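Subject: Structure handover and notes

Dear colleague,

Here is the structure I said I would pass on. Please open it alongside this message; my notes follow.

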Amino acid sequence: MISGDKIKQRRKQMGLKRNALAALVGVSRNTIYNWESGGNQPDKEHQQLLTTALQCNISDISYGEGEPFPDAGQKGKEVSVTSAHPVTAKDAPLSSTVPA
């Protein structure tokens, strides 16, 4: 089971707003909020997209599993984030650099 608190912690650690993570995963900002607040759980496909966007393993965002995300040494590093969902011709390319 995915921990909404761990999703939120990792998103904030990476310097991402909910709308930025939503764009990377291919869902709405409200869906990210629902996952983070425990309102519902991402399905298997979205779990994989979340781990790609958050650059972590599934155990890192699951209840009772994984290690806490390290804070030391991460600030000031830049992380390149690209869209985890397929981009169609009508979509603008989604690529950005965010502080970790």
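Which residues does Arg29 touch, not counting residues up to four places away in sequence? They are Arg18, Asn19 and Ala22. Arg29 itself is found in helix 3 and is partly exposed, with a relative accessible area of 48%. Its C-alpha atom is 9.0 Å from that of Lys17, a residue twelve positions away in sequence. Please keep in mind throughout that this is a predicted model.

Overall layout

The protein has four helices and two strands, and along the sequence they follow the pattern α-α-α-α-β-β. Of its 100 residues, 37% are buried. Among contacts with a separation of 6 or more, 60% are between residues 24 or more positions apart. The exposed surface comes to about 6,000 Å², and carbon and sulfur atoms supply 50% of it.

In helix 1, residues 4-13, the buried residues are Gly4, Lys6, Ile7, Arg10, Arg11 and Gln13. Helix 1 is followed by Gly15, which has a positive phi near 75°.

Helix 2 spans residues 18-25, and its buried residues are Arg18, Leu21, Ala22, Leu24 and Val25. These residues lie on the same side of helix 2, because they cover an arc of only 160° around the axis.

The nonpolar core

The largest nonpolar core has 17 residues. Those with the most contacts inside it are Ile7, Leu21, Val25, Trp35, Leu50, Leu54 and Ile61. At least two residues of this core come from each of helix 2, helix 3 (29-37) and helix 4 (44-53). Helix 2 gives the most, with four residues. In soluble globular proteins, nonpolar side chains tend to be buried together.

Tyr33 is found in helix 3 and is partly exposed, with a relative accessible area of 39%.

Salt bridges

How many salt bridges does a search of the whole structure find? It finds two. In one, the side chains of Glu36 and Arg11 meet at 2.5 Å, N to O. This pair links distant parts of the chain, with Glu36 in helix 3 and Arg11 in helix 1, 25 residues apart. Both Glu36 and Arg11 are buried.

In the other, the side chains of Glu36 and Arg18 meet at 2.8 Å, N to O. Glu36 lies in helix 3 and Arg18 in helix 2, so this pair ties together parts that are 18 residues apart in sequence. Glu36 counts as buried because its relative accessibility is 5%, under the cut-off of 20%. Arg18 is buried too, with a relative accessible area of 18%. Through shared partners, the salt bridges join Arg11, Arg18 and Glu36 into one network. As a general point, side chains of opposite charge can pair when their charged atoms come close.

Not counting residues up to four places away in sequence, Thr51 touches Cys56, Asn57, Ile58 and Ile61.

Gln55 sits in the loop between helix 4 and strand 1 (78-82). Its phi is near 50°, a positive value in a residue other than glycine. Gln55 is partly exposed, with a relative accessible area of 39%.

Best regards

How values were computed. Residues numbered from 1 in each chain as written. Predicted model: local features only at pLDDT ≥ 70, side-chain atom pairs only at ≥ 80, totals over all residues. Heavy atoms only, no water. Buried < 20%, exposed > 50% of the residue type's maximum accessible area, 1.4 Å probe, protein only. Arc of directions from axis to C-beta. Core = buried A, V, L, I, M, F, W, Y, C linked by side-chain atoms within 4.5 Å. Contact = heavy atoms within 4.5 Å. Areas by Shrake-Rupley, 256 points an atom, 1.4 Å probe, with all protein chains shown as cover. Salt bridge = Lys/Arg side-chain N within 4 Å of Asp/Glu carboxyl O.
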